[in-house]
Amino acid sequence: MRLGVLDIGSNTVHLIVVDAYARARPDPFADERSVVRLMQYLEDDGSINDEGIRALEDATRKAAAFSRKHNVEAMIGIVTSAIREATNGPHVLERLEKIAGAKFGVLSGAEEAELTYFAARRWHGWAAGRIMVLDIGGGSFEVSLGIDEEPEFVASVPLGAGRLTKDFLKHDPPRASELVMLRREIEKELEPLAAALDDLPTPDHVVATSKTFRSLARLAGNRISVVGPEERRRMSRSDLGDWVDRIARIPAAARVELPGITPERTYQIVAGAEVAHRAMKLFKVKRLEICPWALREGVLLERIDQFEVIPRESGLDLSDLG
């Protein structure tokens, strides 16, 4: 079956299309992405303004046309913190569903964390042992921990790179006073999570997802291998720490000259780096590995697990093994 996941997030409207089969890894077919940066369209009352709604509609219309062109048989729509928290979110969502021709699931922060963890668990496999998964989105930051396919700990806090940039970093490059306030906010939100994680078993493997972490790993990390089309990178806390203050001193227009910093991330990479570095420090993470699968893949994998499995024709009756 050709499946599509349309993810309307805080930064992008992103459609991924895969060919999916029961008991098989999803085979990537194509993707379509529009940069929206929804946080810039939020009004003081928490609503998405008319310009933002038009940007979302245009991006959704483009994604819907792409799915029809490539014969997507089933579309799964998801929305996360930006629309979930907007005061006019239900109205906006209704308009987008009409354009997409599909219903959208509104994911809570905990559900985002669970699905992202699920994808990372499948990607790294059982040999990775107990894993901790960190994810920085545009509106929120998620952390999860576990050893099975369901995490034993999940948390979501409002520390998305886009949100923090909008709320705290008013100048380019940011002023020292703005960075001080930003760091205080990050530590206020992360310290309770760090205390909770201290009471849980230490992870064997720490992985990070999201474009923010991938960008930072290209800037401050090391490539360890290439698996098919996927580049595997690892990043240490000390290497990231060397860059945090440096990128804050560089104007946004000049950051795109740095490895891994794309135009759509250049304005919010300072806030993203601050969250990543302080999370690694407070959670006692010395190094982490970038995982290419995240929320969208988690949604796909959950759907694929529901496919009907055709019985094997081996003649083996597994019930006899009981």
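Modeller: Let us begin with Asp 45, which lies in the loop between β3 (27–35) and α1 (50–69); helices (H or I, at least four residues) and strands (E, at least two) are DSSP runs, numbered from the N terminus. This is a predicted model, in which local features need pLDDT of at least 70 and side-chain atom pairs count only at pLDDT 80 or more, while totals for chains, interfaces and linings use all residues. Residues are numbered from 1 along each chain as its sequence is written, and side-chain values use heavy atoms, with hydrogens and water left out.

Biologist: Why is Asp 45 called exposed?

Modeller: The label rests on relative accessible area, where buried means under 20%, exposed over 50%, and partly exposed in between (1.4 Å probe, protein chains only). Asp 45 has a relative accessible area of 53%, and therefore counts as exposed. The areas themselves come from the Shrake-Rupley method with a 1.4 Å probe, and for residues only the protein chains shown count as cover.

Biologist: What makes Glu 43, Asp 44, Asp 45 and Asp 50 a negative surface patch?

Modeller: Patches are made of residues with over 30% relative accessible area and no salt bridge, with like charges joined within 9 Å and nonpolar side chains (Val, Leu, Ile, Met, Phe, Trp, Tyr) within 5 Å. Lys and Arg count as positive and Asp and Glu as negative, while His and the chain ends are not counted; the place of a charge is taken as NZ of Lys, CZ of Arg, CG of Asp or CD of Glu. Glu 43, Asp 44, Asp 45 and Asp 50 are Asp and Glu residues, so the patch they form is called negative.

Biologist: How do you know that the chain agrees with a compact globule?

Modeller: The radius of gyration is taken over C-alpha atoms, and the globule rule is 2.2 Å times the number of residues to the power 0.38. For 322 residues a compact globule would have a radius near 20 Å, and the chain has 20 Å, so the two agree. Along the principal axes, the C-alpha atoms fill a box of roughly 70 × 45 × 35 Å. The chain holds 11 helices and 12 strands, and buried residues make up 55% of its 322 residues.

Biologist: What makes the contact of Lys 103 and Glu 97 a salt bridge?

Modeller: Side chains of opposite charge can pair when their charged atoms come close. A salt bridge is a side-chain nitrogen of Lys or Arg within 4 Å of a carboxyl oxygen of Asp or Glu. For Lys 103 and Glu 97 the N to O distance is 3.4 Å, so the pair meets the rule. Lys 103 is exposed at 66% relative accessible area, whereas Glu 97 is buried at 14%. A search of the whole structure finds 22 salt bridges, and Arg 183, Glu 187, Asp 245, Glu 274 and Arg 278 are linked in a network of them.

Biologist: Why can Arg 122 and Asp 305 be said to tie together parts that are apart in sequence?

Modeller: Arg 122 forms a salt bridge with Asp 305, the closest N and O atoms being 2.7 Å apart. Arg 122 lies in helix α4 (residues 109–124) and Asp 305 in the segment after α11 (295–304), so the pair ties together parts that are 183 residues apart in sequence. Arg 122, at 30%, and Asp 305, at 46%, are each partly exposed.

Biologist: Why is Ser 210 called buried, and what is its phi?

Modeller: Ser 210 has a relative accessibility of 9%, which is under 20%, and therefore counts as buried. Its place is in the loop between β9 (205–209) and α7 (211–220), and it has a positive phi of about 95° although it is not a glycine.

Biologist: Is Lys 284 buried or exposed?

Modeller: Lys 284 has 62% relative accessibility, which is over 50%, so it counts as exposed. Its place is in the loop between α10 (269–282) and β12 (287–290), and its phi is near 60°, a positive value in a residue other than glycine.
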